[in-house]
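Here is a short report on how the parts of one chain pack together. Look at the model first, then read on.

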Amino acid sequence: MSVRNLEPSALWNHFADLNAVPRPSKKEEKVIQFAVDFGKSLGLETFTDAIGNVIIKKPATHGMEDRKTLVLQSHLDMVHQKNADTVFDFENEGIKMLVDGDWLTADGTTLGADNGIGVATIMALLSSKEISHPALEALFTIDEETGMTGAFELDTTILKGDILLNLDTEDDDEFSIGCAGGIDTNTSYNYDTESGVKRDSVYKVSITGLKGGHSGMDIHLGRGNANKLMARLLLNLEQCGLKLIEFDGGSLRNAIPREAFVIAELCNDCLVKMDERKAAIESEFSTPEPSLRINWEKHDYESDGDFVSKKDTSKILNTINAVYNGVFRMSPDIEDLVETSSSLARVIVKDGKFQTQSLQRSSSETSKMDIAHTVASPFYLMGSQVEHTGSYPGWQPNTNSEILNLMVPMYKEMFSEDPRVQACHAGLECGILGEKYPNWDMISFGPTIRNPHSPDEKVHIGSVQKFWKFFLEVVKNTPKK
């Protein structure tokens with residue numbers, strides 16, 4: 001079945017149109033133009049602000065003029081990640097979608113349901129001529145996934161709305177009323193090299209098959225981090241003959257690393273010890289990571305034979321092994337909520353430079369900085385340069401929210417169950433937007449999406465139908481001014 005044959009038809013067709021447009025973070029020119037052309041085709045007031053966010057305004061339908069103005073917000077960009085054996089050009093190809101039973105997924109790549117379903121939902125409402133609604137201000141932000149640039153740079157004079165509906169939560173029974181803030185820790189170290197690699201003893205070591213996922217929403221699930229596992233596999237082997245040549249692990253700053261690859265000269269003693277460690281690691285992770293694969297094979301190495309010096313190999317592997325990764329602190333106030341975490345997202349050892357990227361998250365500003373400094377410490381000790389960038393605030397919950405108090409009983413009446421009202425450990429744009437427009441009443445909700453930021457991303461088709469039905473009721477019952 002084609003995605004265009006799913007219900008609700010308008011929403012899925014807009015999603016299909018959107019997914020035909022390449023939209024990587026920081027390269028959103030095509031999708032910005034797509035959104036602008038869409039708004040103008042409807043004859044609606046449509047414009048971009050200085051940074052590239054797209055705003056489309058639609059007047060209230062007859063009889064709804066006395067209701068508060070709704071700001072409907074989702075981000076245009078998506079995480080671009082694919083399986084190692086998938087051939088795909090994210091900058092020029094549209095996502096290839098597959099209906100798999102009750103789920104919609106993609107063929108070896110991320111799907112873009114995060115946050116494309118939210119964008120398509122807003123488009124379906126804007127293009128409708130039958131749905132009653134108050135005055136609408138659609139806000140399509142850019143670069144959410146790699147820095148929330150659109151939210152940070154949003155013009156504070158262009159929106160007049162009262163209530164923000166953020167459509168970027170990933171469980172259809174959950175209302176988010178708070179989120180974590182975040183900060184990036186990036187490091188760089190110039191290592192010494194030596195020459196003398198025996199080319200017939202060079203291997204490529206691979207860690208693949210990990211689930212990966214969102215480094216906020218999935219950090220508590222005990223999944224393997226390919227960078228950490230690779231360091232564990234190789235740790236201290238330089239003492240028995242390891243010659244490290246290259247290390248390439250992870251891909252995106254906000255995704256748990258699924259794969260890591262190393263090129264190194266390995267002696268027989270190294271291979272024996274790695275075999276023992278491989279068995280231990282695969283046994284430990286047999287439940288959370290049943291598809292984990294650790295392999296090595298001879299590599300056709302064509303270079304001048306340089307490798308990382310023994311001293312710096314020890315520094316690099318010990319530092320990766322020592323750096324904190326995972327849940328740092330659970331919330332003392334909200335049950336089962338991760339308060340603070342860190343994910344070592346990217347490791348590169350190549351051409352004389354050892355570089356890492358990691359992302360720390362917390363709903364507590366002081367704890368956020370504590371974990372950032374904790375992560376930085378091993379890198380300082382080895383002599384790395386350390387830079388903290390991209391800090392953004394969390395969103396403090398408001399349990400007295402008018403829109404929340406409207407939506408909770410409405411949800412219970414429609415679906416005969418209570419929604420889960422909670423804060424999340426992801427970095428929603430609401431924290432930043434709330435600083436820009438402090439008088440907004442804000443809430444985030446959405447359909448059920450699994451494994452965002454990974455090629456296993458999928459969205460539940462039935463939950464989209466449920467979400468759409470509920471979304472329309474919220475719109476139709478917007479509070480009066």
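Which residue stands opposite Leu104 in strand 23? Val459 does. The model behind this answer is predicted.

**The sheet**

Strand 5 (residues 103–106) pairs with strand 23 (residues 458–460) in the antiparallel sense, over 3 bridges. Both belong to an open sheet of 4 strands in the order 4-5-23-22, with antiparallel pairing. Its edges are strand 4 (97–100) and strand 22 (449–450), each of which pairs on one side only. Strands of a sheet pair through backbone hydrogen bonds.

Two helices meet this sheet. Helix 1 (residues 9–19) lies across strand 4, strand 5 and strand 23. Helix 1 runs at about 140° to strand 4. Helix 11 (residues 461–476) packs on the sheet as well, touching strand 4, strand 5 and strand 23. The direction of helix 11 makes about 55° with that of strand 23.

**Helix pairs**

Helix 11 also has a helix partner, helix 9. A second pair is formed by helix 7 and helix 8. The table gives the axis geometry.

| Pair | Axes come within | Crossing angle |
|---|---|---|
| Helix 7 (residues 310–322) and helix 8 (residues 365–382) | 9 Å | roughly 165° |
| Helix 9 (residues 402–415) and helix 11 | 11 Å | roughly 130° |

Take helix 7 and helix 8. Their axes cross at roughly 165°, which makes helix 7 roughly antiparallel to helix 8. The crossing is right-handed. On the helix 7 side, the contact uses Lys315, Ile316, Thr319 and Ala322. They meet Pro378, Phe379 and Met382 in helix 8. By class, the contact residues are 5 nonpolar, 1 polar and 1 charged.

Now helix 9 and helix 11. Their axes cross at roughly 130°, so the two helices are oblique to each other. Helix 9 passes helix 11 in a right-handed crossing. From helix 9 come Ile403, Met407, Met410, Tyr411, Met414 and Phe415. Helix 11 supplies Lys466, Lys469, Phe470, Glu473 and Val474. This contact divides into 8 nonpolar residues, no polar ones and 3 charged.

**The whole chain**

The chain holds 11 helices and 23 strands. Along the principal axes, its C-alpha atoms fill a box of roughly 80 × 45 × 45 Å. How does the radius of gyration stand against a compact globule, and what is its value? The chain has 24 Å.

Key:
Residues numbered from 1 in each chain as written. Predicted model: local features only at pLDDT ≥ 70, side-chain atom pairs only at ≥ 80, totals over all residues. Heavy atoms only, no water. Axes fitted to C-alpha atoms, helices over the stretch in contact; angles between N-to-C directions. Parallel < 35°, antiparallel > 145°, perpendicular 65-115°, else oblique. Left-handed = near helix turned anticlockwise from the far one by under 90°. Contact = heavy atoms within 4.5 Å. Nonpolar A, V, L, I, M, F, W, Y, C, P; charged D, E, K, R; others polar. Pairing = 2+ DSSP bridges. Rg over C-alpha atoms; globule rule 2.2 N^0.38 Å.
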